[in-house]
Amino acid sequence: MTDQIPSKSNSVQPSQLRCIGCDRVFERATQNFRCARCGDLLEIVYPDRNTSDATRLDAAKLKDLWRQRRTSGLPVDESGVWRFRELLPSFDEHDVITLREGNTPLYEMPNCARVAGLPQLYAKHQGMNPTGSFKDTGMTVASSVARREGFRWVSCASTGNTSASMAAYAARGGMRSLVLIPEGKVSWGKLSQALDYGAVTCQLKTDFDGCMRVLNEVVQRMPVYLLNSVNPYRLEGQKTAAIELMEQLDWQPPEHIIVPGGNLGNSSALGKAFIEMRQLGLISRLPKISIIQAAGANPLVRTIRENGGRELVSVHAETAASAIRIGNPASWKKAVRVLQATGGTVEEVSEVEIALAKAEIGADGIGCEPASAVTLAGLKKLVKQGFVKPGESVILILTGHLLKDPEFTLKFHRGDLFAGAVSEKEVSILRPQQRAPIVLDATVDAVVQTLKAADDQLEL
Ligand code: F0G
């Protein structure tokens with residue numbers, strides 16, 4: 001059945017880099033992944049796709065081939081990214097650096113559905129990737145490109161997850177890695193990962209946007225390969241979360257996908273995937289992709305609301321959801337196009353709303369890091385506004401694992417997350433979710449009494 005699409009990865013179609021501003025096409029990227037003519041971002045395109053009968057990809061055969069690969073023991077087939085390699089840049093399978101990323105679960109979320117006012121709700125948990133965030137799906141592709149191009153050093157500016165992922169893939173691929181992170185604003189879970197995987201880790205006395213500015217200069221001067229999401233190979237890998245999701249839903253698109261927005265690479269990647277899947281006939285329509293930001297780090301929300309997406313409104317970002325503490329997002333234009341193409345919307349959520357939503361996701365036995373919880377917080381608002389209707393299917397994209405930021409969770413449950421910064425009235429809605437650890441004498445009676453008291457409370 002599948003002999004027309006050989007499973008060798010070098011049989012897939014050639015790709016090019018195209019500027020999203022002036023459409024100029026390049027065979028190779030510059031060090032900063034900007035268009036040499038107009039300075040805009042680049043995207044990967046596949047010029048031969050669909051141009052003749054010989055090169056046209058057959059949707060039914062692709063679905064069949066991808067399903068068959070699930071029983072293969074080949075590293076590239078075990079990867080939930082490379083299993084879909086017909087939609088990725090061409091690679092010899094021996095050049096691929098993989099940690100068997102992707103393959104993430106789609107969970108039903110009954111508690112979250114109830115609090116959002118929907119009969120049903122699902123979450124695709126990208127935090128179940130090898131280093132605990134969605135970054136791995138893009139990093140396997142872009143780090144493989146770096147090694148194939150002969151780079152000894154790779155680098156990124158990061159709020160923590162990109163650096164953890166990059167450091168892991170660099171180590172697996174025998175490359176060195178340079179990390180620039182904002183001092184004091186990266187959770188310890190993420191920082192410790194970068195250290196363990198051997199990155200040279202620089203804590204700069206600035207924010208993420210400042211780290212990005214410095215790194216852009218560094219890569220012009222030194223032969224280091226940039227692995228931030230301006231690197232379009234990252235987004236190609238991140239596309240596969242959407243393809244895998246469609247496979248999990250038997251190729252029936254949901255009405256809505258809700259995704260957090262930081263540097264806006266992920267929403268751009270998911271949008272690109274859905275648009276390509278529709279072009280190839282893998283799906284028949286696009287879901288609405290909506291992007292949620294923290295109110296204190298809301299440049300996209302302001303850009304849409306204040307000028308309809310024509311010009312970026314940068315902000316000074318401040319939020320305890322440190323992964324998305326970004327005021328000057330690189331991929332804003334790509335994200336605006338995704339919103340326009342899919343009919344999605346933007347929303348912002350407060351710090352209290354994020355904290356509450358995170359606990360509600362935890363109460364479904366799933367858990368995630370704060371930045372991921374903006375999805376549920378935003379969904380609640382979209383339901384209230386009528387943008388999401390009760391009968392419609394919704395998928396939340398959870399981007400990072402609960403254990404990435406245990407300090408946030410502990411502070412939440414101990415009741416000192418906001419330490420006077422938010423009014424008592426606002427914080428009171430969090431109380432029913434808070435479960436501070438209880439210090440007791442080491443006696444059976446003390447434990448039994450505590451158990452009884454907790455049980456009584458449940459029955460109230
Ligand atoms: N969720 C998590 C857990 C993240 O780590 C990030 C971004 C986002 C959401 C936002 O995704 O930037 O593609 O819009 N983290 C980056 C980092 C910036 O350095 O780890 P985005």
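Predicted model: local features only at pLDDT ≥ 70, side-chain atom pairs only at ≥ 80, totals over all residues.
Where is the place of isoleucine 438? Hold on to that one for a moment, and welcome, everyone.

Residues are numbered from 1 along each chain as its sequence is written, and side-chain values use heavy atoms, leaving out hydrogens and water.

Now, back to isoleucine 438. You will find it in the loop between α15 (424-428) and α16 (444-459); helices here are DSSP runs of H or I with at least four residues, strands are runs of E with at least two, and both are numbered from the N terminus. Isoleucine 438 counts as exposed because its relative accessibility is 60%. For that word, exposed means over 50% relative accessible area, buried means under 20%, and partly exposed is in between, with a 1.4 Å probe and protein chains only. Together with Leu440 and Val447, Ile438 forms a nonpolar patch on the surface, with about 280 Å² of accessible area. Such a patch takes residues with over 30% relative accessible area and no salt bridge, joining nonpolar side chains (Val, Leu, Ile, Met, Phe, Trp, Tyr) within 5 Å and like charges within 9 Å. The areas come from the Shrake-Rupley method with a 1.4 Å probe, and for residues only the protein chains shown count as cover.

Let's go inside. In soluble globular proteins, nonpolar side chains tend to be buried together. The largest nonpolar core here has 53 residues, and Leu227 is among those that touch the most other members. A core, by the way, is a set of buried Ala, Val, Leu, Ile, Met, Phe, Trp, Tyr and Cys residues joined through side-chain atoms within 4.5 Å.

Not counting residues up to four places away in sequence, leucine 227 touches several residues, among them Met139, Val154 and Arg234; contact means heavy atoms within 4.5 Å.

Next, the charges. The whole structure holds 25 salt bridges, each one a side-chain nitrogen of Lys or Arg within 4 Å of a carboxyl oxygen of Asp or Glu. In one of them, glutamate 247 pairs with arginine 83, with the closest N and O atoms 2.7 Å apart. Glutamate 247 lies in helix α8 and arginine 83 in the loop between α2 (75-78) and β4 (106-108), so this pair ties together parts that are 164 residues apart in sequence. Both glutamate 247 and arginine 83 are buried.

Lysine 239 and glutamate 276 also meet in a salt bridge, at 2.8 Å, N to O. This one links helix α8 to helix α9 (residues 265-279). Lysine 239 counts as buried at 1% relative accessibility, as does glutamate 276 at 7%.

Last topic: how many disulfides does a search of the whole structure find? The search finds 0, where a disulfide is a pair of cysteine sulfur atoms within 2.5 Å. Take cysteine 35: its closest cysteine sulfur, in cysteine 22, is 3.7 Å away, which is too far for a bond. For cysteine 202, the closest is in cysteine 211, at 9.3 Å, again too far.
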